[in-house]
Each structure stands twice: as C-alpha cells, then as structure tokens.
Amino acid sequence: MFDIVIVGSGPAGLSAAITARMREKSVVVISNSRTDSGLAKAQEVGNYPGLPGISGAELSGKMLMHATGMGAELITGRVTTILPMGKEISVGYGAEIVTAKSLILATGVIQTSVFPGEAALLGSGVSYCATCDGMLYRGKKVCVVCLSPDADEEADFLATIGCDVTKLKTKNIIIHGESRVTSITADGAEIPCEGVFILRQTIAPGTLLPGLETEKGHIRVDRAMKTNIPGVFAAGDCTGTPYQVAKATGEGQVAVLSAVEYLAHP
Ligand SMILES: Cc1cc2nc3c(=O)[nH]c(=O)nc-3n(C[C@H](O)[C@H](O)[C@H](O)COP(=O)(O)OP(=O)(O)OC[C@H]3O[C@@H](n4cnc5c(N)ncnc54)[C@H](O)[C@@H]3O)c2cc1C
C-alpha cells in the first residue's frame, strides 16, 4: 500500500509527488497521458517564474522527470472508481486497483455535465469502464459512447469478449430505463440495448468519488486543500480559478503537506 496516491500528472499532481518524495513518502501518480494535461497544450508559458518562454510540453516533461527521478511511481491509466474504505482508499483504473492511505485529486478542469439518464442508471447498465464491467454484458447488446482517444480500443475489446457492440461518436445522448438501461437515443435515433459504456477522458469529481462536495463544478477545499472526505485532498484547476500553472504547483505542495500531516495523525 502506498502512503499517497495522486490522480493526475499535470503540474498540481507532479508538484505534490515531488514534495511527497522529499518527505520520504511512497507515492504513485495515476494519470491519462501527459499530453492530456492542459500544460502540455500550452505553446508558450510566459508567466512561470524563472522559465520565461518555455513551452508547455517542455515544462511538463521536466516536471515529470523531476518527480519520477525522485522515486514517484507513474502509472498511465484512466481512473474510473475511487472508494474510501476506513483508513484505506482504493483507486481503480482499467481492471487494476491501487490502495493508499491518502489521496490527492489533481485532475485538472473536468467536464461536469452528464447525459440525461446517466447518473440515475450508473451501475444499472451504465458503466465507465469496459475492462472492468465488460464480462457482465457478454452476449448482450451494448452501446459505447466513444469520447476518449482509447475508446475505440475499449469498444473493440468488448466485441472480442462477445458483446454486440454499437459505437457512437456523439454527445447528443439520452439514456432510457427505469431500474436498468433499456435503450439509448443518439442523435434522435433510439437504439435498444442493455448496457451503455461512456468512455470519456475524465470523469466528474462527484461521480468519481461519491459524496465529494463540489461547487460550480470545482472540488470544494479549504486553505489546506482538504476536501470534505478525511484523507482526500485536491489541488490545481480542479479546485477552481485561476487556471494557472503557478497556482496548480502551489496547491499541489499545500495538499501534499496536509496529506503528510494526515498520515502522521490519521
Ligand atoms: C492552451 C493553453 C495554454 C495555457 N497557457 C498557460 C500559461 O501561459 N500560463 C499558465 O500559468 N497556465 C497556462 N495554462 C493553464 C495551465 O496549463 C493549467 O492551469 C495547468 O495545467 C493546471 O494543472 P493541473 O495539474 O491542475 O491540471 P492538468 O494540467 O489539466 O492535469 C490534469 C491531468 O489529470 C488527468 N486526469 C483527469 N481525470 C483523470 C482520470 N479520471 N484518470 C486519470 N487521469 C485523469 C488529465 O487527463 C490531465 O492529464 C494554459 C492552458 C492551456 C490549455
């Protein structure tokens, strides 16, 4: 079990990982590809102190090397579930699970809108993870809403295990069903199905971690970057504006120092 698990390898998550290692804590960062970070998309970062004009790709590469060079573990994957269980927190990505004593959410700006029917039928036909739940739909008709770069691959995986797969590449979606999914409407056409896999690159924080308090789409934190859930901290764009690298790295450091304090007095 790790001391700290961090979701997101942007500036907030990597800053937290670096300070975690300076405090001699074991730390793992689970994240989508580094190229998904807002920072990696910045052609030029003009206002990060000491590095005028550096490209976002170069700065994020340097931060990643700094964190891994200090012994932070990095796992590339999309986190789909987070489950606090007493003094442990389990974080699921693909079919794998990592457990840790504390968690830092550093997921960047996250899309928070969900499709009609999605929240009510989550776990009752709606899934975010083909690898985890695919076997439940063997021999059944499923629709896969492909909104992430690896979505086609995951949809193909469902077909190989015997699901009858329809791929959808639209955000104009309504999911139907009373206690379980019965059909989906995509661009106005209704398709009967028993399962709907929604494969987005990111998942709204309150969906990822049920019970997490949010406000206008951002994770609610105090000045120590504590969320309302003990042992869970948040940093960076996911906590609110300004969306800036310096704010993200600063919050990452505050969050991890709070996590270190929590580890000492859980
Ligand atoms: C084009 C552009 C130009 C910019 N220019 C500047 C600038 O000049 N100066 C400045 O200060 N800021 C700039 N920014 C903003 C800056 O990039 C962000 O504020 C900063 O990257 C936020 O860091 P973060 O760590 O909070 O989130 P991010 O950098 O967005 O990193 C979050 C990471 O978490 C991953 N993630 C999210 N959910 C999951 C999940 N469920 N499972 C796994 N991984 C997940 C994301 O895919 C992403 O890789 C710019 C942003 C853009 C897009």
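Predicted model: local features only at pLDDT ≥ 70, side-chain atom pairs only at ≥ 80, totals over all residues.

Trainee: How much space lies in the largest pocket?

Mentor: About 700 Å³. A pocket here is an open set of points on a 1 Å grid over the protein atoms alone, where a 1.4 Å probe fits, with protein on both sides within 12 Å along at least five of seven lines. Points are joined across faces, edges and corners, and the volume is the space filled by probe spheres set on them.

Trainee: Which residues lie nearest its centre?

Mentor: D36, S37, G38, T107 and G108, out of 36 lining residues. Lining means having an atom within 4 Å of a point. α1 (11–22), β2 (27–31) and α7 (245–264) each supply at least two lining residues. Those elements are DSSP runs numbered from the N terminus: helices are H or I, at least four residues, and strands are E, at least two.

Trainee: And how does that lining divide by residue type?

Mentor: Into 16 nonpolar, 16 polar and four charged. Asp, Glu, Lys and Arg count as charged; Ala, Val, Leu, Ile, Met, Phe, Trp, Tyr, Cys and Pro as nonpolar; the others, Gly among them, as polar.

Trainee: Where does the second largest pocket lie?

Mentor: Between domain 1 (2–111 + 203–264) and domain 2 (118–199), because both give residues to its lining. The domain bounds come from an automatic or database assignment. This second largest pocket holds about 410 Å³. Its lining has 27 residues, with T80, T81, S127, Y128 and D133 closest to the centre. β4 gives the most, five residues.

Trainee: What are its polar contacts like?

Mentor: The cut-off is a pair of N or O atoms within 3.5 Å. A ligand oxygen is 2.9 Å from a side-chain N or O of N32. A ligand nitrogen is 2.9 Å from a side-chain N or O of N47.

Trainee: Last one: which residues does the cis peptide bond join?

Mentor: T241 and P242, with omega about 0°. P242 sits in the loop between β16 (232–234) and α7. Also look at E24, in the loop between α1 and β2. E24 is not a glycine, yet its phi is positive, about 60°.

Note on methods: Residues numbered from 1 in each chain as written. Heavy atoms only, no water. Polar contact = N/O pair within 3.5 Å; in protein donor to acceptor, adjacent residues only side chain to side chain.
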